[in-house]
Amino acid sequence: MSRNAEAFDRWIRTSFVELNTALEELYFARADRADVEGVGDGLKKQLLEEGRSFVRALKDEGNTDEGFDRAFDMLGDLGLYMAALRRHELTNPAREERSPHEEASALGLHVAASLGVAPRFATSHLATHNMAVNGRQKSFTSLKDEFLFIDYNTRGILAYKRAADALMRICPLGVSHPVAETLFADAKAALEDVAKFNAVLFTQLDAARFFYSVRPYYKTYRVGRNEYRGANAGDFSGINEIDLLLGLCRANDPYYAQLLVEKMLFMRPEDQQSLRDCMRRRNFLDLFLEAAPGEAKSDWFRRNARAFLDVVAAHGRTAAQHHNALVARFIVGPSGALDEKHMAQLTASGPPLPVLLASLERLRDLRLGADRQDIGSAHAALARLAQLAGAAP
C-alpha cells in the first residue's frame, strides 16, 4: 500500500470515525432526528476538507498497481468518505446532476473501472473484507449499534457462503450421491446459523439508533454523473447461488434476472465469477423430479430428497425472518414516525418504500416457495417432490 493510501486508511479509522460520531450525537439529540442540514457545520467542513486532502494526493498519485486487494481496500475507504458526505447532506443526488466532489469521483471511477466493480463502497468493504487493526474493524462511527450491525451482518453473510459452498459441491457429485445427504445437512446447518444471527440483531439492535444513525450511511449517491444505489447486505453471490441451485428462483425470470444484473458490480469479481458459474448449473429440484419416475421408491431418492427439502425449508425461514422481523422492525416501523419531507429518499436502494417492500415480499415468497401463481413460485413442484419423498409438506 502506498504512503498516501496508508495515510487515508489511517484517517478513515480515526478522525473520520470521531467526526461522524460527533455529528450523529448532535442529530440524535434533535426533535427531528432525520433533519441534519444546518447542524454541526464546522464538523462537516472539517470532514470534507480533511478527506479531500487525502483524496487529492491519491488522485495525483494514480493507479499504483499494487494488487487487487489493496486497490479494492482503497476504493472502500474512498466509498466510506463519499457515503459520509452523502449522509451529512454535503451531496445529494436529488438536487445535483453530477457529484460536486470531482476529485473523489475521478479517483473512484478510475479505480473501479480497473477492478470491474461499482465506484462506491460495497457491503464487502464493511463485512467480509474489512481488515481489523488491533481488534477494531472499519466503521463510520464508534456507536455500539453500528458494530453490532456490521458484525452480525458479516456472520450472516459468511453462513450463507458456507451454505452455498456446500450446495455447489453437490454439482459434480449429483443429487443421488450418498455424500449429497451430508452436504445438504451442512447447508441446512449454515442456514440455521443465519437465523441465529438474525435473531441477535432483532433482540439487541436498537431500532432508533439503526434507523437514524447507521442506515443513513447506506444511501444512494452520485459518482460523476451517475447515481449508485446504496450497499445492500445481499451483495454477495452466495445467497443467489442458494436460490438458483434449490430451484426457487430462475435466472430466466425477468424479475430475478434484473436483480442479478443490478447487483453484479456491487460484488467482488470472484463472487461475480462464482455466480456466473452457478447460473449454468441445473437446479436440484428439477433433477429430483426428473429422476422420480424410475427412482421415487429408492432409498437414495427418499433420503436425499428429504435432506434437500430440509434445506429449502431452512432457506425459506431465513427469508421470512428477514422480511417479517428485521425489515418490519428496523425500516417499516421507524419510518412511520418520519416527517413526510424525508420519505422521498428513505430507501438505500432508491425506490419509494412501498415499491421496495413489494419487491422484497416477492423475493421472500420465491424463497419460501409460497402458493402464489403470479410470481413463478416453485410451490407446486416442491409439493410434488415432498409427496414423492414421503416428506411433510
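Biologist: How many residues does helix H2 have, and what reach is expected?

Modeller: Helix H2 (residues 15–28) has 14 residues. Its first and last C-alpha atoms lie 20 Å apart, close to the 20 Å expected at 1.5 Å a residue. The expected span is 1.5 Å times one less than the number of residues. Helices here are DSSP runs (H or I, at least four residues), numbered from the N terminus. This is a predicted model, where local features need pLDDT of at least 70, side-chain atom pairs count only at pLDDT 80 or more, and totals for chains, interfaces and linings use all residues. Residues are numbered from 1 along each chain as its sequence is written, and side-chain values use heavy atoms, without hydrogens and water.

Biologist: Which residues of H2 are buried?

Modeller: Buried means under 20% relative accessible area, exposed over 50%, partly exposed in between (1.4 Å probe, protein chains only). In H2, the buried residues include Phe16, Leu19, Leu23 and Tyr27.

Biologist: What covers the buried residues of H8?

Modeller: The cover includes helix H7 (144–168), helix H10 (238–246), helix H13 (284–295) and H14. Among the buried residues of H8 are Leu183, Phe184, Ala187 and Leu191. Contact means heavy atoms within 4.5 Å. Leaving aside neighbours within four places in sequence, Phe184 is in contact with Leu167, Ile170, Phe284, Phe288, Asn304, Ala307, Phe308 and Val311.

Biologist: Which residues touch the most other members of the largest nonpolar core?

Modeller: In soluble globular proteins, nonpolar side chains tend to be buried together. A nonpolar core is a set of buried Ala, Val, Leu, Ile, Met, Phe, Trp, Tyr and Cys residues joined through side-chain atoms within 4.5 Å. The largest one has 57 residues, and Leu167, Phe184, Phe284, Phe288, Phe301 and Phe308 touch the most other members. Helix H14 (residues 299–335) gives the largest share, 9 residues. Apart from this core lies another, of 50 residues, including Leu85 and Phe210.

Biologist: At what angle do H10 and H12 pack?

Modeller: The angle is about 5°, and the axes are 10 Å apart. Axes are lines fitted to C-alpha atoms, for helices over the stretch in contact, with angles from 0 to 180 degrees between N-to-C directions. Under 35 degrees counts as roughly parallel, so H10 and H12 are roughly parallel to each other.

Biologist: Is glutamate 89 buried or exposed?

Modeller: Most residues other than glycine have a negative phi. Glutamate 89 has a positive phi, near 60°. At 15% relative accessibility, glutamate 89 counts as buried. Asparagine 134 also has a positive phi, about 55°, but is exposed, with a relative accessible area of 79%.

Notes: Helices (H or I, at least four residues) and strands (E, at least two) are DSSP runs, numbered from the N terminus. Angles under 35 degrees count as roughly parallel, over 145 as roughly antiparallel, 65 to 115 as roughly perpendicular and the rest as oblique.
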